[in-house]
Amino acid sequence: MLTALDHVQLAAPPGAEDLLRPYYVDILGMTEVPKPPVLAARGGCWFQAGTVRLHFGAEADFRPARKAHPGLRVTGIEAYAARLASHGAKVIWDDDLPGHRRFYSEDPVGNRLEFLEPTG
């Protein structure tokens with residue numbers, strides 16, 4: 001029986017940790033979580049905000065997915081979108097999901113992210 005989603009694993013090019021940290025920590029407001037030493041040797045980095053955990057693994061032939069993405073729930077979506085835009089991140093609004101406000105953005109290596117907030 002499934003009980004929870006533990007984390008979402010995304011890929012990044014080798015050595016991209018210094019590109020990811022400012023975006024996920026400074027812009028999205030997440031905290032970097034140390035990887036266990038045996039996993040840290042493989043590269044990548046982990047971030048967390050509350051129960052939301054994103055893991056990034058180094059992938060030699062990295063290509064960002066065009067459709068696959070994590071859906072991240074936020075509060076104050078208008079202010080959150082403005083925060084991303086003020087840091088130069090692309091914000092693409094999408095009104096096609098009933099009962100939600102949502103937008104898409106991309107991290108510095110091209111991973112697609114969905115940010116959504118229920119409206120009802």
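Select Asp94 first: leaving aside its neighbours within four places in sequence, Asp94 is in contact (heavy atoms within 4.5 Å) with Arg102, Phe103 and Tyr104. The model is predicted, so local features need pLDDT of at least 70 and side-chain atom pairs count only at pLDDT 80 or more, whereas totals for chains, interfaces and linings use all residues. Residues are numbered from 1 along each chain as its sequence is written, and side-chain values use heavy atoms, with hydrogens and water left out.

Stay with Asp94, which belongs to strand S6 (residues 92–94), a strand being a DSSP run of E with at least two residues, and a helix a run of H or I with at least four, both numbered from the N terminus. Asp94 counts as buried because its relative accessibility is 17%, the cut-off being under 20% with a 1.4 Å probe and protein chains only.

Next, select Ala12, Pro13, Ala16, Glu17, Leu20, Gly44, Phe56, Gly57 and Ala58, which line the largest cavity. On a 1 Å grid over the protein atoms alone, a cavity is a set of points where a 1.4 Å probe fits but cannot get out, and lining residues have an atom within 4 Å of a point. The whole structure holds 1 cavity of 30 Å³ or more, and the largest has about 30 Å³ of space. Colour helix H1 (17–27) and strand S4 (52–58), each of which supplies at least two lining residues; S4 gives the most, with 3.

Technical notes. On a 1 Å grid over the protein atoms alone, a cavity is a set of points where a 1.4 Å probe fits but cannot get out, and a pocket is an open set with protein on both sides within 12 Å along at least five of seven lines; lining residues have an atom within 4 Å of a point. Grid points are joined across faces, edges and corners, and a volume is the space filled by probe spheres set on the points. Buried means under 20% relative accessible area, exposed over 50%, partly exposed in between (1.4 Å probe, protein chains only).
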